Amino acid sequence: VQLQAYGGGLVQAGGSLRLSCAASGTIFTINTMRWYRQAPGKQQELVAAITGDGSTNYADSVKGRFTISRDNAKKTVYLQMNNLKPEDTAVYYCNADIKVYRGVMSRGYWGQGTHVTVSS
């Protein structure tokens, strides 16, 4: 199983970016999908999560600005980031709980990071 994240870049404050993360390989089901971020010198934090049935939750710092969504047919999770602030600058990582076969417990998989830089 691989998770491939993309969509990061450099944007001015107030701008928008859309991150995507696509899962590939032997996959039976994908449960909760998440976006984390880690800023330089800071701990990793959970930004947003979406369950298999579409329930979402967000870090307080991004509520009202970020939207997580998923396309189950494409095995992809998205993070729409609007009204970006310099403090959103970080490496963003996707994570997903994936069951590779029926009857096997799901486990967490990580994508490679994608850099988001917001200039003031």
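The model is a predicted one, in which local features need pLDDT of at least 70, side-chain atom pairs count only at pLDDT 80 or more, and totals for chains, interfaces and linings use all residues. Residues are numbered from 1 along each chain as its sequence is written, and side-chain values use heavy atoms, with hydrogens and water left out.

M33 lies in strand β4 (helices, H or I of at least four residues, and strands, E of at least two, are DSSP runs numbered from the N terminus). Show what surrounds M33. Leaving aside neighbours within four places in sequence, M33 is in contact with A48, A49, I50, I68, R70, K75, T76, V77, N95 and A96 (contact means heavy atoms within 4.5 Å).

From the contacts of M33, pick K75. K75 sits in the loop between β7 and β8. Its phi is near 55°, a positive value in a residue other than glycine. K75 counts as partly exposed, at 30% relative accessibility.

Go on to N83, in the loop between β8 and β9. N83 is not a glycine either, yet has a positive phi of about 50°. At 40% relative accessibility, N83 counts as partly exposed.

**The open sheet**

Select β1, β3, β8 and β7. In that order they make an open sheet of four strands with antiparallel pairing (two strands pair if DSSP finds at least two bridges between them). Which strands are at the edge? They are β1 and β7, each of which pairs on one side only. The twist averages 15° from one strand to the next (axes are lines fitted to C-alpha atoms, for helices over the stretch in contact, and angles run from 0 to 180 degrees between N-to-C directions).

Keep β7 and β8 on screen. These two pair in the antiparallel sense over six bridges.

**The disulfide**

How many disulfides does a search of the whole structure find? There is one (a disulfide is a pair of cysteine sulfur atoms within 2.5 Å). Select C21 and C94: they form the disulfide, with sulfur atoms 2.0 Å apart. The link of C21 and C94 is right-handed, with 55° about the S-S bond. C21 lies in strand β3 (residues 17–24) and C94 in strand β9 (residues 90–99), so the pair ties together parts that are 73 residues apart in sequence. C21 and C94 are both buried.

**The nonpolar core**

Last, select W35, L79, M81, Y92 and I98. These have the most contacts inside the largest nonpolar core, which has 32 residues (a nonpolar core is a set of buried Ala, Val, Leu, Ile, Met, Phe, Trp, Tyr and Cys residues joined through side-chain atoms within 4.5 Å). At least two core residues come from each of β1 (2–6), β3, β4 (29–38), β5 (45–50), β7 (66–71), β8 (76–81), β9 and β11 (114–119). β9 gives the most to this core, with five residues. In soluble globular proteins, nonpolar side chains tend to be buried together.

End at I98. Apart from neighbours within four places in sequence, I98 is in contact with V1, L3, A23, I27, T29, I30, M105, S106, R107 and Y109.

Technical notes:
Buried means under 20% relative accessible area, exposed over 50%, partly exposed in between (1.4 Å probe, protein chains only).
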